[in-house]
Amino acid sequence: METGGNSLPSGPDGVKRKVCYFYDPEVGNYYYGQGHPMKPHRIRMTHALLAHYGLLQHMQVLKPFPARDRDLCRFHADDYVAFLRSITPETQQDQLRHLKRFNVGEDCPVFDGLYSFCQTYAGGSVGGAVKLNHGLCDIAINWSGGLHHAKKCEASGFCYVNDIVLAILELLKQHERVLYVDIDIHHGDGVEEAFYTTDRVMTVSFHKFGDYFPGTGDIRDIGHGKGKYYSLNIPLDDGVDDESYHFLFKPIIGKVMEFFKPGAVILQCGADSLSGDRLGCFNLSIKGHAECVKFMRSFNVPLLLLGGGGYTIRNVARCWCYETGVALGMEVDDKMPQHEYYEYFGPDYTLHVAPSNMENKNSRRLLDEIRSNLLDNLSKLQHAPSVQFQDRPPNTELPEVDEDQDDGDERWDPSSDMDVDDERAKREIIKTETKDLESQKGIAVHPRGSETTADETTSTKALDAGPMQVDESSVKIERENVNKTSDSVFYKS
């Protein structure tokens with residue numbers, strides 16, 4: 001059985017895509033604390049909808065392989081990762097200086113299993129990038145990922161580890177250019193900052209701008225040095241609706257795809273841009289939000305779909321379920337099937353919710369100005385910038401896939417419990433060997449405004465791009481076909 005979905009009956013994008021979906025059944029158990037708006041439980045609710053709508057049987061369901069310290073240190077500072085690994089609710093009072101230094105404690109609290117949570121969601125995003133690099137799927141999905149605010153040395157905005165940056169670094173091993181698009185209501189500041197000075201990654205963020213977290217993302221922030229014009233920011237005001245959003249999204253992204261010609265795309269699908277979000281102020285419908293996924297899918301470029309924000313959790317689950325159907329090319333019924341979280345979706349028990357009648361403060365004149373400004377910036381780019389790409393690092397090797405994992409019916413029984421056990425969800429295993437390549441050039445990942453180039457970086461480190469090892473006692477693995485490979489050397493400020 002193919003792992004692609006049923007094709008839509010009409011339209012230029014009515015074709016199958018092979019989809020890999022990463023999910024760990026433990027992810028819903030993590031808890032930021034009483035009253036905190038970020039609730040990982042929304043991932044479990046999404047998964048329950050996918051199961052009962054029958055979507056899981058059309059995808060390859062994979063348990064993410066937890067990221068190791070050295071995987072996280074491809075972007076994050078060693079001492080920050082060591083802190084995340086060691087801090088617990090019981091010990092945090094003894095580390096007040098470090099809590100302040102790493103911005104952990106309020107928006108980003110210490111909770112039980114914090115580091116395991118980071119390992120899980122980062123592992124899913126990097127694992128998706130590896131699958132795409134090997135051509136084993138067309139679209140990879142990790143709804144637990146998309147935590148776009150985390151910085152190299154600090155947590156921010158409910159985000160501890162920037163799984164998006166790690167996934168981009170993995171994709172850069174195979175692709176000369178990677179596009180990142182962010183439709184969360186908040187500016188994707190952590191990702192933009194990491195790649196602000198390179199022309200190999202273009203970042204495009206549509207977000208609320210003004211007196212709103214994180215306060216960055218001005219339309220005049222366009223990148224620096226070699227990265228000039230490779231950061232695009234689309235600042236929006238309250239109440240933006242589907243029509244206004246796509247008046248900007250489609251022509252801008254269409255022009256980006258034409259000029260930049262990315263080899264792979266990451267779309268961060270933060271659901272806090274939906275109407276009625278607990279922390280948001282936009283007025284998008286689920287179909288309007290999902291239209292962005294459909295548009296990106298239409299380019300037939302390897303695509304990684306990630307989660308992100310979203311704080312009215314019943315609507316987050318609705319949105320990501322529907323967008324999984326879009327990825328598969330399957331239309332999902334509005335009438336919701338009975339499942340264990342059914343009572344969350346009353347009184348209508350439907351997948352879609354109507355936008356509100358809130359005022360749209362984005363005038364057509366303002367939208368015209370934004371569109372004109374950004375299209376003008378894009379016209380200053382070279383078509384498909386030439387990139388020196390010598391000594392391309394070898395691909396991370398994957399073990400041979402078990403035949404029964406290719407059978408969707410055998411892989412998932414929709415009537416079964418939601419848990420993905422070790423026999424049903426194959427973990428990503430890669431055995432990597434780090435080898436210093438002293439003369440190789442890499443991506444300089446550093447804060448905005450830094451003029452340091454990769455060649456000038458004083459603090460360099462071999463950064464392991466490889467997905468992640470597993471406790472051999474916990475899962476059966478075929479290792480015979482796993483080849484040792486050399487990883488790339490990336491430079492880090």
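**Figure 1. The UniProt "binding site" positions Asp107, Gly157 and Tyr311 in the predicted model.** An unreviewed UniProt entry gives the feature "binding site" at Asp107, Gly157 and Tyr311; UniProt positions follow the numbering used here, feature names are shortened, and annotations may be inferred rather than shown by experiment. The three span 205 residues in sequence, yet no two of their C-alpha atoms are more than 13.7 Å apart, so they gather at one spot. The model is predicted, so local features need pLDDT of at least 70 and side-chain atom pairs count only at pLDDT 80 or more, whereas totals for chains, interfaces and linings use all residues. Residues are numbered from 1 along each chain as its sequence is written, and side-chain values use heavy atoms, with hydrogens and water left out.

Figure 2. Asp107 is placed in the loop between helices H4 and H5; helices (H or I, at least four residues) and strands (E, at least two) are DSSP runs, numbered from the N terminus. With a relative accessibility of 42%, Asp107 counts as partly exposed; buried means under 20% relative accessible area, exposed over 50%, and partly exposed in between (1.4 Å probe, protein chains only). Gly157 belongs to the loop between strand S3 (139–142) and helix H6. Gly157 is buried, at 11% relative accessibility.

**Figure 3. The UniProt "binding site" positions Asp184, His186 and Asp272.** The unreviewed UniProt entry also places the feature "binding site" at Asp184, His186 and Asp272. These positions are spread over 89 residues of sequence but cluster in space, with a largest C-alpha distance of 8.2 Å. Asp184 sits in the loop between strand S4 (178–182) and helix H7 (189–194), and its relative accessibility of 1% makes it buried. Beyond neighbours within four places in sequence, the contacts of Asp184 include His148, Phe206, His207, Gln268 and Asp272. The side chain of Asp184 also reaches the backbone nitrogen of His186 at 2.8 Å. This is a polar contact, defined as a pair of N or O atoms within 3.5 Å; within protein, one must be able to donate a hydrogen and the other to accept it, and residues adjacent in sequence count only if both atoms are side-chain atoms.

**Figure 4. Asp272 and its neighbours.** The loop between strand S7 (264–268) and helix H9 (286–297) holds Asp272. Asp272 is buried, with a relative accessible area of 0%. Not counting residues up to four places away in sequence, Asp272 touches Asp184, Ile185, His186, Asp277, Gly280, Gly309, Gly310 and Tyr311. A polar atom of the Asp272 side chain lies 3.0 Å from the backbone nitrogen of Ile185.

**Figure 5. Strands S1 and S2 with helix H1.** Strand S1 (residues 19–22) pairs with S2 in the parallel sense over 3 bridges; two strands pair if DSSP finds at least two bridges between them. Within this pairing, Cys20 stands opposite Gln60 in S2. Together with helix H1 (residues 41–52), the strands S1 and S2 make a right-handed β-α-β unit. A crossover is right-handed if, with the strands pointing away from the viewer, the path from the first strand over the helix to the second runs clockwise. Strand S2 (residues 60–63) is covered on both faces, with Gln60 and Leu62 buried on one side and Val61 and Lys63 buried on the other.

**Figure 6. Phe111 and its contacts.** Phe111 lies in the loop between H4 and helix H5 (114–133) and is buried, at 4% relative accessibility. Phe111 and Pro89 are 22 residues apart in sequence, and their C-alpha atoms are 5.8 Å apart in space. Leaving aside neighbours within four places in sequence, Phe111 is in contact with Tyr30, Tyr31, Tyr32, Pro89, Phe117 and Tyr160.

**Figure 7. Helix H6.** Helix H6 (residues 163–171) is mostly covered, as 9 of its 9 residues are buried. Among them are Asp163 and Glu170, as well as Ile164, Val165 and Leu166.

Notes: Contact means heavy atoms within 4.5 Å.
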